[in-house]
Amino acid sequence: MPEDELTALLTLNRIEGLGCTGAKFLYEQLGSAQEIFRNRDHLTEIIPGVDPHLKDALEVSGYVSFVREELQFIEKHGIRCITPADVDYPARLRECNDAPLVLFAMGNADFNARHTVGVVGTRKATEYGRRMCRTFVSELHRLCPDVLVISGLAYGIDIESHRASVESDCTTVGVLAHGLDMIYPSVHRDVACQMLSNGGLVTEFMSRTIPLKENFVRRNRIIAGLSDAVVLIESAAKGGSLITAEIAGSYNRECFAFPGSVGDPYSVGCNELIRDNKAALICSAMDFVNAMNWSTCRSVTANEGIQTSLFDDLTADERRVLERIRQKAQGAHLNVLITDCNIPYARIMPILFELEMKGLVRMCPGSMYKPA
């Protein structure tokens, strides 16, 4: 039996065949990783339908040495281990069904920043793509100084977004497809080190995890899960950025794309996303800020004053629904509001309409509601 919760979580992280979704399900059912191991002999009784072979998979003896070495590595390098029990665990990521139970982070990033955006694209960026990326990030930071830019530290658009963030003094986080004992690609080490003073690096992978192909898809879901919206700047017909966009859609995140020339091989993906209404077309950071209704970040005090005065005029039900929406960093789905507020559909729709008319909430695609 692991001696503390972090040891239990690291051990659970090593269980083969369990996966993020399975681990998160067990964690939510029993309340902690330690409880999972404490009740390994009775899981089939506690959770009907659970695989009976899970008992054998949860045998911890084979992981003791590895986990002990990982804990030493974490302590030696000052790595933050962020778990769902921590207040600084990313609220946006928390509600994704495949969210990791442990994040390993270096730097000073606030993953619960008020505004977050994932910027992704092709590894073979053209001069047009690099220029659009630099301009977008610098203008976005000017319009919204508290924004957190998230990408994957890869070649092309990813590293360009990080470089532009560093140059603009914009907070930026690189999500890795491997452990924190290495930087891949190694030529980006200097940029990664610069990011530590205003942002940082984060991964779900323990040390000695190499950047296998499948790890990049897992990395992409973290980028999408941490973000309010994902912006694509150049993408071929196939590639990791399109996977990130697809995952973002499944998480009810907004998706935007910069258009490119017809026939340009590195704009095909963006153009098709726009054509198929899977991404909204933007041509500037201002377009993005307006579409996200982030214009309030330039005059927060004034807007908060307006909202406070309106809040006094709300009914009890309107107040309850608004408070629930504001608690959800990425917005609340209509069905969640009905359940959480215990207000039936016929009553909640007029309430939401009134809140929209008062400028307190806005309806987004997929029956999602966000604070205005």
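Two strands count as paired here if DSSP finds at least two bridges between them. The views below come from a predicted model.

View 1. Look for R362, which sits opposite K370 of β12. The hairpin has three residues between its strands, and G366 takes a positive phi near 80 degrees there.

**View 2. Here is the open sheet of three strands, in the order β10-β12-β11.** Pairing in this sheet is antiparallel. β10 (332-333) and β11 (361-364) are the edge strands; each has a single partner strand, so one side of each has no neighbour in the sheet. As for the β10 side, that strand pairs with β12 (residues 368-371) in the antiparallel sense, over two bridges. H333 has M368 as its bridge partner in β12.

**View 3. Helix α18 packs on the sheet.** This helix covers residues 345-357 and touches both β11 and β12. Its direction makes about 115 degrees with that of β11.

**View 4. Helices α11 and α12 pack against each other.** Two packed helices are described by the angle between their axes and the distance between the axes. For α11 (residues 213-226) and α12 (residues 240-250), those numbers are about 50 degrees and 9 Å. The two helices are therefore oblique to each other, and α11 passes α12 in a right-handed crossing.

**View 5. A close-up of the contact between α11 and α12 shows which residues meet.** On the α11 side you'll find V217, N220, R221, I223 and A224. Facing them from α12 are G240, I243, T244, I247 and A248. Sorted by class, the contact has six nonpolar, three polar and one charged residues.

**View 6. L242 has its place in helix α12.** Is this leucine buried or exposed? With a relative accessible area of 17%, L242 falls under the 20% cut-off, so it counts as buried. Leaving out residues up to four places away in sequence, L242 touches L232, S235, A236, A237, G269 and L273. For a sense of scale, L242 and L12 are 230 residues apart in sequence, and their C-alpha atoms are 30 Å apart in space.

Key: Residues are numbered from 1 along each chain as its sequence is written. This is a predicted model: local features need pLDDT of at least 70, side-chain atom pairs count only at pLDDT 80 or more; totals for chains, interfaces and linings use all residues. Side-chain values use heavy atoms; hydrogens and water are left out. Axes are lines fitted to C-alpha atoms, for helices over the stretch in contact, and angles run from 0 to 180 degrees between N-to-C directions. Helices (H or I, at least four residues) and strands (E, at least two) are DSSP runs, numbered from the N terminus. Angles under 35 degrees count as roughly parallel, over 145 as roughly antiparallel, 65 to 115 as roughly perpendicular and the rest as oblique. A crossing is left-handed if the near helix is turned anticlockwise from the far one by less than a right angle, and right-handed if clockwise. Contact means heavy atoms within 4.5 Å. Ala, Val, Leu, Ile, Met, Phe, Trp, Tyr, Cys and Pro count as nonpolar, Asp, Glu, Lys and Arg as charged, and the others, Gly among them, as polar. Buried means under 20% relative accessible area, exposed over 50%, partly exposed in between (1.4 Å probe, protein chains only).
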